[in-house]
Amino acid sequence: MKIALLGYGKMGKAIERLARARGHEVVLIVDENNRATCTDDQLKQADVAIEFTTPVVAVDNYNWCFRNHVPVVSGTTGWLERWDEVMMSREQLGGGFFYASNYSIGVNIFFHLNRWLARTMARFADYKVSVEETHHIHKLDAPSGTALTLAKDILKEHPEYTSWVLDEGKVEAGELPVKAKREGEVPGIHSVTYKSGVDEIQIYHSAYSRDGFAQGAVMAAEFLMGKKGMFGMEDLIKIKDEN
Ligand SMILES: NC(=O)C1=CN([C@@H]2O[C@H](COP(=O)(O)OP(=O)(O)OC[C@H]3O[C@@H](n4cnc5c(N)ncnc54)[C@H](OP(=O)(O)O)[C@@H]3O)[C@@H](O)[C@H]2O)C=CC1
Ligand SMILES: O=C(O)C1=N[C@H](C(=O)O)C[C@H](O)C1
């Protein structure tokens, strides 16, 4: 498979290493410095693009891929307020798009546990729920995309919360608190905690490195090659939600 890497930072470099190890070819590397001079013809050399850049530039890159009929794996977080716009242009231009807030298989199992626990705990009003994430100090968005996925899945099962809120010390009744911590070079830690007056229940995931994210992104690219339409991790790893 021929890959265009859009974004060549911490994730782009990890993806390059893992993609080559799986026998793929990286035919284009784009970063902030050369983006303006990269041509459509260069992009069209690729079977798939993998995009890990920044919240501000990601949507332009998706549209670049759609216009050139290159399916794109989107890893960038922090752009979801433009989701509808991206879905519309994908549909109009007929592109292939794969999005996950977190490509690690472990986190996607954790998402499954979170949905199960949220359904179970909905019957026990004594417990208050909160989400916490810790990441490296370079991260631009807060809360993380992963924490947002966790929070949104909890909100679906808990009508006593009307919205999530970034917990900066002041949380109103009806708000699901999401705390975002920034420390050193932490690759990514997420937890969900249910607390009552007498005990607490917690689920927790900690990434040891970026390799799990990068491996999942390359697997998503292998899956997406030659496809049109919208896909997510549930298409790649079929874990069934049960009651
Ligand atoms: N979904 C998931 O599983 C994961 C998602 N992420 C997300 O991926 C994103 C990237 O993370 P990370 O690699 O750590 O970030 P980095 O800051 O290390 O890398 C960002 C890269 O984007 C490049 N860039 C900036 N503007 C453009 C542009 N217009 N076109 C192409 N490239 C550009 C930068 O170029 P330059 O080097 O020249 O500045 C840099 O190489 C973040 O949003 C993060 O939250 C991260 C890990 C896992
Ligand atoms: O910026 C990061 O590093 C990460 N971002 C993703 C997110 O926002 O959830 C995934 C992972 O936690 C690492």
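Two residues count as in contact when their C-beta atoms, placed from the backbone, lie within 7 Å. Keep in mind that this is a predicted model.

Start by selecting Ala49. Skipping neighbours within four places in sequence, Ala49 is in contact with Ala4, Leu6, Leu43, Cys65, Val70 and Val72.

Now widen the selection to the core. The largest nonpolar core has 39 residues, and Ala49 is among those with the most contacts inside it, along with Ile15, Ile50 and Ala217. Colour the elements that give two or more residues to this core: strands E1 (2-6), E3 (48-51), E4 (72-74) and E5 (96-99), plus helices H1 (10-21), H3 and H7 (211-224). H7 supplies the largest share, 7 residues. For a second, separate core, go to Val131, Leu150, Val192 and Tyr194, which are included in its 11 residues.

Next, show helix H3 (residues 58-67) with helix H4 (residues 83-93). Their axes are 9 Å apart and the packing angle is about 10°, which means H3 is roughly parallel to H4. Pick out Val59, Tyr62, Asn63, Phe66 and Arg67 on the H3 side; they meet Val86, Ser89, Arg90 and Leu93 in H4. By class, this contact has 5 nonpolar, 2 polar and 2 charged residues.

Finally, zoom out and colour by domain. The assignment gives domain 1 as 2-103 + 210-236 and domain 2 as 105-206. Their C-alpha centres lie 27 Å apart. Where they touch, domain 1 puts in 10 residues and domain 2 puts in 12. On the domain 1 side, the touching residues are 2 nonpolar, 7 polar and 1 charged.

Conventions. Residues numbered from 1 in each chain as written. Chains lettered and ligands numbered in written order. Predicted model: local features only at pLDDT ≥ 70, side-chain atom pairs only at ≥ 80, totals over all residues. Domains from an automatic or database assignment. Nonpolar A, V, L, I, M, F, W, Y, C, P; charged D, E, K, R; others polar. Axes fitted to C-alpha atoms, helices over the stretch in contact; angles between N-to-C directions. Helix = DSSP H or I, 4+ residues; strand = E, 2+ residues; numbered from the N terminus. Parallel < 35°, antiparallel > 145°, perpendicular 65-115°, else oblique. Core = buried A, V, L, I, M, F, W, Y, C linked by C-beta atoms within 7 Å. Buried ≥ 20, exposed ≤ 12 C-beta atoms within 10 Å, placed from the backbone.
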